[in-house]
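Please read the report below alongside the sequence and the coordinates.

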Amino acid sequence: MINLVIFGGPGSGKGTQSDLIIEEYGLFHISTGDVLRDHINRGTELGKIADSFISVGKLIPDELVVNLLGKTLDENHDKIGKGVIFDGFPRTLEQAKALQPLLAERNMQLNAVVGLEVSDDELTERLINRGKESGRSDDNKETIKKRLDVYHNQTSPLREYYVNAGLYEPINGSGAISDIFGEIKNAIEKKTAVAV
Ligand code: AMP
């Protein structure tokens, strides 16, 4: 079983690279952003709360997201035999600290945190371009700036947390999608290699 976090700023390519990783390793994809947007589309109570945060570029409170993640893991228990890729989670230190017991309770553990490193200028340009097609309420100039601020203030400290845990693998997230994926594969193999 391989359990990974794909980490990086908004627009760093987490979704795109997750798709390639899933194809290669047969992992189950959990994107908290996708799960939350699904709640918004279905008009659930959680969706209404989530919408009020997402549309202004703020993070959903930790407790809600952590509970949602536990529920998502349990509901998909039969699909996660080969492991999970966590995309967009954790985003705060509290979430990172909650992830470890969430996994341990399910006899799982984190193998690696793959960090896609892209400059703010490039992230902004990519998100503005994505906004032309995505229809996402948060892919507009004002909210993009807010999301980058949130990323730097609340999420990027996790890099050091996972470096200290010996799990962080930095990847240059600029360039061709296939080259970036090649680097990611090397990082995954390094972290999951069985010692002989
Ligand atoms: P994403 O699709 O990962 O870019 O997430 C879109 C938005 O969903 C974020 O800007 C947050 O408002 C919310 N969100 C997604 N994942 C989380 C999380 N782990 N913690 C808090 N908020 C989240």
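The model is predicted, so local features need pLDDT of at least 70 and side-chain atom pairs count only at pLDDT 80 or more, while totals for chains, interfaces and linings use all residues. Residues are numbered from 1 along each chain as its sequence is written, and side-chain values use heavy atoms, with hydrogens and water left out.

**Nonpolar cores**

A nonpolar core is taken here as a set of buried Ala, Val, Leu, Ile, Met, Phe, Trp, Tyr and Cys residues joined through side-chain atoms within 4.5 Å; buried means under 20% relative accessible area, exposed over 50% and partly exposed in between, with a 1.4 Å probe and protein chains only. The largest such core has 31 residues, and those with the most contacts inside it are Phe86, Leu99, Leu110, Val113 and Tyr162. At least two residues of this core come from each of S1, strand S2 (28-31), helix H3 (45-54), helix H4 (62-75), S3, H5 and helix H8 (157-164), where helices (H or I, at least four residues) and strands (E, at least two) are DSSP runs numbered from the N terminus. Beyond its neighbours within four places in sequence, Phe86 is in contact (heavy atoms within 4.5 Å) with residues including Leu4, Ile30, Leu69 and Leu103. A second, separate core of 16 residues includes Ile6, Ala112, Ile171 and Ile180.

**Aromatic pairs**

Rings of Phe, Tyr and Trp (its six-membered ring) pair if their centres lie within 6.5 Å, with planes under 30 degrees apart counted as stacked, over 60 as edge-to-face and the rest as tilted.

| Pair | Centre to centre | Angle between planes | Class |
|---|---|---|---|
| Phe7 and Tyr151 | 6.2 Å | 50° | tilted |
| Tyr161 and Tyr162 | 5.0 Å | 80° | edge-to-face |

Because Phe7 lies in strand S1 (residues 4-8) and Tyr151 in helix H7 (residues 141-155), their pair ties together parts that are 144 residues apart in sequence. Both Phe7 and Tyr151 are buried, and together with Tyr168 they form one aromatic cluster. Tyr161 is partly exposed, at a relative accessible area of 28%, whereas Tyr162 counts as buried at 3%.

**Backbone features**

Most residues other than glycine have a negative phi, and most peptide bonds are trans. The peptide bond from Phe89 to Pro90 is cis, with omega near 0°, and Pro90 is found in the loop between strand S3 (84-87) and helix H5 (93-104). Asn107, although not a glycine, has a positive phi of about 55°; Asn107 is found in the loop between H5 and strand S4 (112-117) and is exposed, with a relative accessible area of 74%.
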